[in-house]
Amino acid sequence: MASAASATRSRAPSGPVKFLRSSIGAKSVMALTGLILTAFVFGHMVGNLQIFLGPEPINRYGHFLQSLGELLWLIRFVLLATLIVHIASAARLIVLNRRARPIAYVLDDSVQVTFAARTMPWTGMILLAFVVYHLAHFTLGTVQPELFSHHDELGRHDIYAMVVLGFQDWFVTAWYVVANALLALHLSHGVSSLFQSLGVTTPSLRWPLVDLAGPAVGTAVLIGNLAIPLASWLGLLELPYGAM
Amino acid sequence: MNLTLQMWRQRNLSDEGGMVQYEISDVSPEMSFLEMLDILNESLIARGQEPVAFDDDCREGICGMCSLVINGIPHGPDSGTTVCQLHMRRFQDGDTIYIEPWRSRAFPVLRDLIVDRNAFDRIIQAGGYISVNTGGTPDANAIPVAKSEADLSMDAASCIGCGACVAACPNASAMLFVGAKVSQFRHLPQGHTERARRATRMVEQMDAEGFGNCTNHYECMAVCPKEIDVRVIAELNQEFLRTELTGSE
Ligand code: HEM
Ligand code: FES
């Protein structure tokens with residue numbers, strides 16, 4: 001009898017809204033969306049590394065993605081929603097956390113926090129700016145429009161030419177280097193952190209597995225992602241037919 | 001040794017407060033930190049000034065009353081100790097020492113270095129208890145508890161509720177405290193009656209009090225005088241998510 005009464009009582013004010021409003025609910029949403037975004041970043045990197053196999057595979061890959069049609073739009077929609085939810089919960093939690101200490105210490109010190117952990121809101125915000133730039137660059141073609149209209153001999157969008165030529169511009173390459181360094185930093189804390197936020201970390205899992213997962217994923221993404229602009233800029237990827 | 005102290009002075013809840021500098025001489029390295037403050041207060045009283053108010057009680061590291069941020073670190077430079085267990089030999093002649101109260105919206109400063117920690121009590125009232133029947137004393141060890149589970153519970157139960165975790169956290173989060181209180185019951189059969197709603201209720205109260213939330217910096221664990229492991233925060237997250245997502249009660 002007692003359990004029936006308590007069941008109705010605590011179920012009543014509950015629900016998704018209440019869950020999302022609670023600090024741990026919002027944090028778990030951030031961890032889950034962070035995990036989805038990280039999975040995307042990883043897949044995106046692996047797909048793009050096909051550029052080292054030459055123009056044919058990467059252009060075929062791009063053509064394949066375009067041919068997905070409505071499915072591609074569905075994936076884009078889900079990713080965008082994921083990013084928005086991640087940022088919205090981040091913003092809310094950051095505001096709550098700032099409010100929780102209205103008066104700062106005159107002398108503040110810390111014992112063990114990492115630079116990556118401390119800078120999560122800043123690396124995240126610059127990442128958002130980079131995501132917008134990156135979409136304008138290679139998805140919409142508004143950054144370097146002259147490179148966006150190339151087609152290969154099969155009439156497919158010439159991604160190889162667009163990428164390799166695009167990174168001849170030192171400024172573009174430098175911006176990608178900076179953004180990917182910040183992404184690596186964000187992931188080095190974020191990936192380790194999400195296991196704790198979802199409640200799966202135990203002391204024996206934490207060291208070394210979980211604590212090293214973030215830096216490992218961050219480093220892998222840094223190397224994989226930067227290989228492309230740096231190899232292009234250094235002339236390690238052969239410039240396409242009669243360009244520039 | 002001679003020291004310069006930069007201390008937070010604040011008359012009452014509504015006073016704005018500020019740092020005040022004091023010089024103190026002939027401090028012996030054998031003194032505890034609180035004894036050094038006692039000496040300062042005696043000299044302030046002798047000069048007709050208001051002594052500095054600070055919390056303390058047992059002075060042997062078990063009650064959780066003492067609560068000073070020393071040079072930016074709650075409970076001072078020694079790990080795994082309360083400030084009442086800190087000794088002046090950790091400092092050098094000529095040092096300047098900054099002494100501030102716990103800083104958190106949920107812990108308003110009442111006077112000088114004393115903060116109101118009733119928010120912790122309200123979190124406990126919300127769910128940090130077990131229900132037992134009154135009556136005759138039950139037999140000891142009538143309910144078997146695995147050694148490993150008992151250890152996890154006892155480690156969590158070593159929390160003295162001082163609030164250093166909140167003071168150290170960049171977000172003034174109370175999750176190490178709340179996690180410890182949830183964990184100590186979670187691993188014992190006696191805690192199971194209220195298990196499903198305990199985390200939810202305590203987290204609701206924690207949020208309502210204005211504590212921040214964990215960004216996994218683990219500063220709390222580094223300053224905790226009882227060295228409570230942040231696994232209790234993972235357990236808190238797990239308990240909360242289990243109830244919220246399965247709707248189990
Ligand atoms: C675009 C704007 C972004 C902002 C403002 C942002 C902000 C944040 C913040 C503040 C955190 C919490 C850090 C902490 O626990 O202290 C976080 C966590 C995280 N972020 Fe982001 N982020 C952004 C984009 C991204 C992207 C693009 C990814 C994936 C590649 C990502 C992956 C993660 C992960 C995995 C976590 C860990 C979640 C957790 O702590 O449980 N974030 N983000
Ligand atoms: S005075 Fe009791 S723990 Fe420090």
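Modeller: The charged end of Arg103(B) sits over the ring of Trp8(B), 4.2 Å from its centre. Sitting over a ring requires NZ of Lys or CZ of Arg within 6 Å of the ring centre and within 35 degrees of the ring normal. In chain A, the charged end of Arg76(A) sits over the ring of Trp73(A), at 4.8 Å from the centre. This is a predicted model: local features need pLDDT of at least 70, side-chain atom pairs count only at pLDDT 80 or more, and totals for chains, interfaces and linings use all residues. Side-chain values use heavy atoms, without hydrogens and water.

Now the ring pairs. Rings of Phe, Tyr and Trp (its six-membered ring) pair if their centres lie within 6.5 Å; planes under 30 degrees apart are stacked, over 60 edge-to-face, the rest tilted. Over all chains the count is 14 aromatic pairs. Phe19(A) and Phe240(B) have ring centres 6.2 Å apart and planes at 15 degrees, so they are stacked. Phe19(A) lies in helix H2 (residues 16-21) of chain A and Phe240(B) in helix H8 of chain B, so this pair joins two chains. Helices here are DSSP runs (H or I, at least four residues), numbered from the N terminus. Phe19(A) is buried at 12% relative accessibility, and Phe240(B) is buried at 2%. Buried means under 20% relative accessible area, exposed over 50%, partly exposed in between (1.4 Å probe, protein chains only).

Trp170(A) and Phe171(A) pair edge-to-face, 6.0 Å centre to centre with 85 degrees between planes. Trp170(A) is exposed at 59%; Phe171(A) is partly exposed at 48%.

Technical notes:
Residues are numbered from 1 along each chain as its sequence is written. Chains are lettered from A and ligands numbered from 1 in the order in which they are written.
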